[in-house]
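This report describes one protein model, beginning with a single helix and its surroundings and ending with the overall fold.

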Amino acid sequence: MRDFSGDTALLSLNTATVQAQWTLEQCIDGCARHGVGGIAPWRDKLAECGAARAAAMIRDAGLRVSGLCRGGMFPAATSAGRQAALDDNRKAIDDAATIGAECLILVVGGLPEGSKDIAGARMQVRDGIDALLDHSRAAGVPVAIEPLHPMYAADRACVNTLKQANDLCDALGGGVGVAVDVYHVWWDPDLEAEIARAGTAGRILGFHVCDWLVPTTDLLLDRGMMGDGAIDIPKIRGWVEAAGYSGTSEVEIFSKDNWWRRDADDVLTTCIERHQSAV
Ligand code: ZN
């Protein structure tokens, strides 16, 4: 595995980690001050700043953009709803291109309102990504399917394992890859094999880190700092790197009662320490 000691160039700050404390401008400045090499903005913060202005600031700070969060949310109950989702995804691709993002992260979406047809939702996801690909390929922005933990299957993502994501990539062709977020996939008995499969295809586009707290008190907003939970992050990083991944470790921590209440500079300092000791 790569040696992270004293090296923060391969650390990327997902802005969700300091969502409650900092604007995108402050995140960019914070990364520059702390020597963090990458950033992954969420679109709400990007919209507040403006994509062109953000692009200039990111360039001036010398940061790489490990991803833009997020596109996806393809399934809808009506064709108008599906079309609206596609339009929004095309705009996300344009913004990703403007800021030089290495990929657009896809949280693919769950069941349409009132539906119990998860197989149908998965078909809609496949069709939605397929319909987006002309635009994303032309823009030169790969899209990264991020499988989410199955507890989100109804409302956020009906792609829940890396195998499902790999199968989708095989079906859809070039310009589609996967993002491996340890929070979502650490429990999967097939994880090592599916990471190797993704690596063989050259499609690992992102590696996201945080930790699974025991107990977890909120399904969405109680993620842990690396090293504070149950995930063997170095083991998974080893698998990802053995599969050929050479990008950043992106810290993505939603934590309304803990890390979002702390001083953001202290959060970044802890991320840097844990990047070296627990990732
Ligand atoms: Zn993630």
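## Helix α1 and the overall fold

The model is predicted: local features need pLDDT of at least 70, side-chain atom pairs count only at pLDDT 80 or more, and totals for chains, interfaces and linings use all residues. Residues are numbered from 1 along each chain as its sequence is written, and side-chain values use heavy atoms, with hydrogens and water left out.

Helix α1 comprises residues 24-34, and its buried residues are L24, C27, I28, G30 and C31. Buried here means under 20% relative accessible area, with a 1.4 Å probe and protein chains only. They cover an arc of only 165° around the axis, which places them on the same side of α1; the arc is that of the directions from the helix axis to the C-beta atoms. Helices are DSSP runs of H or I with at least four residues, strands runs of E with at least two, numbered from the N terminus.

Elements that cover the buried residues of α1 include those tabulated below; contact means heavy atoms within 4.5 Å.

| Element | Residues |
|---|---|
| β1 | 11-14 |
| β2 | 38-40 |
| α2 | 43-49 |
| α3 | 51-61 |
| α10 | 264-277 |

In total, the protein has ten helices and nine strands. Its C-alpha trace spans about 50 × 40 × 35 Å along the principal axes. Of its 279 residues, 53% count as buried. Among contacts between residues at least 6 apart in sequence, 79% join residues at least 24 apart.

Methods: Buried means under 20% relative accessible area, exposed over 50%, partly exposed in between (1.4 Å probe, protein chains only).
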